[in-house]
Amino acid sequence: MNSMQRVLTTLGHKEPDRVPLFLLANMHGAKELGLSLRDYYASAKNVIDGEMRLLDKYGSDCAYPFFYASLEIEAWGGDTIFSADGPPLCGAPVIRRAEDIDSLRPPAVESSPALQRVLEAIAGLKQRLADQVPIIAVAISPFSLPVMQMGFDRYIELMHEQPDRFLRLMQANEEFTVNWANAQLAAGATAICYFDPVSSTTNIPRGLYLTTGQQVAKRTLARIKGPTATHMASGRCLPILGDIADTGTAAVGVSILEDFAQLKAAAAGRVSLLGNLNGIEMRRWTPAQTELAVKRAIAAGGPGGGFILADNHGEIPFQVADETLLAIRDAVDRWGRYPLDWVRDWVDPDPS
Amino acid sequence: MSDLITQFRESLESLDRIRAEAIFTDALSRQSPIAAVEGLIVPALEQMGAAWHEGSVALSQVYMGGRFCEELVERVLPPSDPDRKHQPRSAIVLLNDYHALGKRIVYSVMRASGYELFDYGRMDVDELVERALADRIRVLLISVLMLPSALKVADVCSQLKARGADIRVAVGGAPFLFDGGLWREVGADAMGRSAGDAVAIVAAWMKEMP
Ligand code: B12
């Protein structure tokens, strides 16, 4: 099977030849090319070269031309702060006062050089990979974007205290996200990863999700012309997993803060799961710890398909060593082959 | 009392300000302001923090509840009130990051629990070390959201130590939640998983510090 077949099979809740691995080490592309993160993300060509090298080296089952979340904020007129050793972050809020929302207009995808760079990277990868390897593109959900547009504290206040303005903001953001996601699909992306961690029960209670984030997701995903996966960026989601499935998404990125076996039971053929390696802890893993973490995830998530092995955030920290990424790759090769006969008799040496 | 704490906590979680205020006012009619704060608000916020950590309460509830409690405490215990705790000089800072919500929640909950502390806003390592030394800070609370910022706590701790500061450092924020061994690695003296933990840590240190 090639990567595309492997991924489609598992998303159909069947067992492919082996567990697919999404090794989302996008920043490591800069390391491969010996560039700073700022320089790396300044040109589509770098990201194409970087992603191709990462695919060669680690054999991930997808290409991941995700630059950084704040790139969308650049389209809205904001700026990005780069640093040498970590992900770029968004600068000052573009919505300074709540009243700014009343005249807010979604930016056009065509007029943003930053967004165009991503589209160019996707098109270049598509040319090289054809339909052998899925290209996973990212759109921040209209419901999670405001944390970067206006700050988390003011956004929580807006949600609770100014419902009309909140809806107005969602309208503008939904328009943008739909156009942005569809442009990426048109450029050659196979699927859209819809990052929506504000919807996570880490951040808002289920009752609020059902009247806000879930409604936004239903409306938005219905207008995105391709398959989607919803990512909680390591926020919790067990109490709302079924509600997320109801938005029409194919897979959910879950959190190491919750029990993976319980998540698997709750997903039960309705959605596939993406997870569940701890990217932050990964920085300190020994080869033995790496193998154990991979075995644990496969044992809980693998049987029956509906499972893609990945880190639980959707981005592996820059600090994680290449050796650890290679050890993940090796462990999947060793323990991820279906049928997963070893799982039945396997006893976790250190359950906790 | 524990019934009242539960009721107060439930009214905070459901954002029922009127009910929360009524319960607090009722407590005030029977005891001193500081006793009402310590007997009702502090335990309710601590419980909410613990519930957030185990997944049954959401951050939006912790934030809105903490902000409201801060207002209640402000009304009955103005900043200069001598009943506010006699505590070691303390400060809170957001290290290197731009995401201030974690720090803001911890600051609210500390103040809602009757503590006074400097709010340093956002600082980088050198600025923080100089300022903490100049202010003779004894308890430093550091909040971060990004992993590289969490790793920079190591520089703060080693520089403070090298300059002989008599200071304890407590850290918190997402990277410390995901890697339970990280706080020791960076040389902090304690790690808190929620804003309530910050109160508990400082309360415990107060007993040990002259
Ligand atoms: C929601 C979310 C998003 C949203 C909004 C983020 C934001 N705030 O700007 C979106 C989708 C936009 C997003 C984007 C990104 N994210 Co994000 N995101 C999250 C998530 C799910 C919650 C973050 C959050 O804001 N929480 C709210 C704060 C208040 O919670 P907190 O910091 O934990 O604080 C609480 C406690 O820890 C404690 N506490 C905090 N400080 C202190 C201090 C003391 C002394 C004590 C005692 C306690 C304490 O009390 C607080 C209240 O209970 C986390 C994962 C998670 N499960 O936490 C990832 C996470 C923060 N994201 C992460 C990253 C990397 C990013 C990006 C950089 C990705 C990218 N390459 O673009 C961007 C940056 C966006 C930006 N601002 O520029 C990483 C950061 C760690 C790392 N790997 O470096 C995390 C931790 C995910 C992970 N597991 O790796 N993200």
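This is a predicted model: local features need pLDDT of at least 70, side-chain atom pairs count only at pLDDT 80 or more; totals for chains, interfaces and linings use all residues.
1. Placement of the ligand. The ligand sits between chains A and B. It is surrounded by 44 residues, and the closest of these come from both chains: Ala69(A), Cys90(A) and Glu315(A), together with Ser143(B) and Leu147(B).

2. A side-chain N or O atom of Glu315(A) is 2.6 Å from a nitrogen atom of the ligand. For Cys90(A), a backbone N or O atom lies 2.8 Å from a ligand oxygen atom. From chain B, a backbone N or O atom of Gly173(B) is 3.4 Å from an oxygen atom of the ligand.

3. Make-up of the shell. By class, the residues around the ligand are 31 nonpolar, eleven polar and two charged. In chain A, strand E3 (89–90) and helix H7 (146–150) each give at least two residues to the shell. H5(B) provides the largest share, four residues.

4. Fold of chain B. Chain B contains ten helices and five strands. Of its contacts between residues at least 6 apart in sequence, 73% link residues at least 24 apart.

5. Dimensions of chain B. The C-alpha trace spans about 50 × 35 × 25 Å along its principal axes. The radius of gyration of chain B is 17 Å, which agrees with the value near 17 Å for a compact globule of 210 residues.

6. Burial and surface of chain B. Buried residues make up 56% of the 210 in chain B. Its accessible surface is about 8,600 Å², and 52% of that belongs to carbon and sulfur atoms.

Conventions. Residues are numbered from 1 along each chain as its sequence is written. Chains are lettered from A and ligands numbered from 1 in the order in which they are written. Side-chain values use heavy atoms; hydrogens and water are left out. A residue is near a molecule or strand if one of its heavy atoms lies within 4 Å of it. A polar contact is a pair of N or O atoms within 3.5 Å; within protein, one must be able to donate a hydrogen and the other to accept it, and residues adjacent in sequence count only if both atoms are side-chain atoms. Ala, Val, Leu, Ile, Met, Phe, Trp, Tyr, Cys and Pro count as nonpolar, Asp, Glu, Lys and Arg as charged, and the others, Gly among them, as polar. The radius of gyration is taken over C-alpha atoms; the globule rule is 2.2 Å times the number of residues to the power 0.38. Buried means under 20% relative accessible area, exposed over 50%, partly exposed in between (1.4 Å probe, protein chains only). Contact means heavy atoms within 4.5 Å. Accessible areas come from the Shrake-Rupley method with a 1.4 Å probe; for residues, only the protein chains shown count as cover.
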